[in-house]
Amino acid sequence: MSEEKDCGGGDALSNGIKKHRTSLPSPMFSRNDFSIWSILRKCIGMELSKITMPVIFNEPLSFLQRLTEYMEHTYLIHKASSLSDPVERMQCVAAFAVSAVASQWERTGKPFNPLLGETYELVRDDLGFRLISEQVSHHPPISAFHAEGLNNDFIFHGSIYPKLKFWGKSVEAEPKGTITLELLEHNEAYTWTNPTCCVHNIIVGKLWIEQYGNVEIINHKTGDKCVLNFKPCGLFGKELHKVEGYIQDKSKKKLCALYGKWTECLYSVDPATFDAYKKNDKKNTEEKKNSKQMSTSEESDEMPMPDSESVFIIPGSVLLWRIAPRPPNSAQMYNFTSFAMVLNEVDKDMESVIPKTDCRLRPDIRAMENGEIDQASEEKKRLEEKQRAARKNRSKSEEDWKTRWFHQGPNPYNGAQDWIYSGSYWDRNYFNLPDIY
């Protein structure tokens, strides 16, 4: 369902590209000749947002575009809207929350840090949504986004501060910030935060990614809660990519169990059936352990080989979501999905309506996408210096930076600090925009 299809009409004002591209203009460069260690050994335990990385380790997207990939499986939101049972709606919302991080799999290139005031919009008539995002803070780096269903069935919004830490062999990204989904027809709001993402083997060996931590999705109207555990891979990789958890009502009664892999699929099943399966599985694992003397060396950072069978389907399970296959040229194109492939495309009609702060117009990303790596590197340096100079000038004149499309405020449902959409972006009235490129 998330496959690209022609999105019919769409006038210039809605920036609706009719036929989406299926490839980037140029394949990626080999990173094999570059040592990331020479840069990172100075930063063990430090926060990485302050380190300037060579452009070769990037992918040709801004973090604002990367965030937009949450929307790839929007059909799950539309489906949730159409359901009358709140537990079934929560199942779809949970599947959407898992699907939203699925594009991270094998995406080891770093997105470009957005410049302060940078924006990104995406209109997808075929998927039924439009989205606007803005880089609202530089230190700390905070990206705010607001998406709405074209049929006024949902609003999806949040602000993300990706806290990056370097641990010697791996880089960990903790995406701080609340994500909110409002299903307008049901007058319901759900909030959650994303799991932690970790890129392993950044010094030597094959880079690989895992996501771990608990994700708690709360339905603020019914008090139902879905607690999902993204499992760390564990010894021998048995748990690699696994996600499991329960939907429970406000008195903590289990209503349904969910399980799968964030790289592949999510199923729901009766909780008693799930618990019985888990118990049995644990028993089998214990027996295997006892029959084989385990030789445990120190914890390895090597990519574990996941079990050959992928997700064992417990009898009586219902499929909630399955990932769309990556395009055949994905490996040469930064492991992009079909959805990611179109995020930076631009045509003349679109260029005439988007604001000059849109990251499609950012010269370093455009150069990298076109395979001009030296030019990308020079442009990235120039833009970072320009941003620093602008900040200096503001502090001299004691002028505060004013965000354009979002304002700071408490999240209306859980009270956490958030950035709220101020409205009027789609009026297409772009005056006094900062000159950031």
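Residues are numbered from 1 along each chain as its sequence is written, and side-chain values use heavy atoms, with hydrogens and water left out. Because the model is predicted, local features need pLDDT of at least 70 and side-chain atom pairs count only at pLDDT 80 or more, while totals for chains, interfaces and linings use all residues.

**Cysteines and burial**

A search of the whole structure finds zero disulfides, a disulfide being a pair of cysteine sulfur atoms within 2.5 Å. Cysteine 226, for instance, is in no disulfide, and the nearest cysteine sulfur, which belongs to cysteine 256, is 7.7 Å away. The table lists relative accessible areas, where buried means under 20%, exposed over 50% and partly exposed in between, using a 1.4 Å probe and protein chains only.

| Residue | Relative accessible area | Class |
|---|---|---|
| Cysteine 226 | 0% | buried |
| Cysteine 265 | 1% | buried |
| Phenylalanine 336 | 1% | buried |
| Threonine 337 | 6% | buried |

**A helix pair**

Helices (H or I, at least four residues) and strands (E, at least two) are DSSP runs numbered from the N terminus. Helix α3 (residues 75–82) and helix α4 (residues 86–99) pack at an angle of about 170°, and their axes are 8 Å apart; the axes are lines fitted to C-alpha atoms over the stretch in contact, and angles run from 0 to 180 degrees between N-to-C directions. The two helices α3 and α4 are therefore roughly antiparallel to each other, a description given to angles over 145 degrees, whereas those under 35 count as roughly parallel, 65 to 115 as roughly perpendicular and the rest as oblique. Contact means heavy atoms within 4.5 Å, and α3 contributes Leu76, Ile77, Lys79 and Ala80, while α4 contributes Arg89, Cys92, Val93, Ala95, Phe96 and Ser99.

**Two loop residues**

Phenylalanine 336 sits in the loop between β16 (318–322) and α6 (338–341), and threonine 337 also has its place in the loop between β16 and α6. Not counting residues up to four places away in sequence, phenylalanine 336 touches several residues, including Leu24, Pro60, Arg107 and Met341. Arg326 is also touched by phenylalanine 336, and these two residues are 10 residues apart in sequence but 7.4 Å apart in space, C-alpha to C-alpha. With sequence neighbours up to four places away again left out, threonine 337 touches Glu69, Glu72, Ser103, Arg326 and Pro327. A polar atom of the threonine 337 side chain lies 3.0 Å from the backbone nitrogen of alanine 340.

Notes: A polar contact is a pair of N or O atoms within 3.5 Å; within protein, one must be able to donate a hydrogen and the other to accept it, and residues adjacent in sequence count only if both atoms are side-chain atoms.
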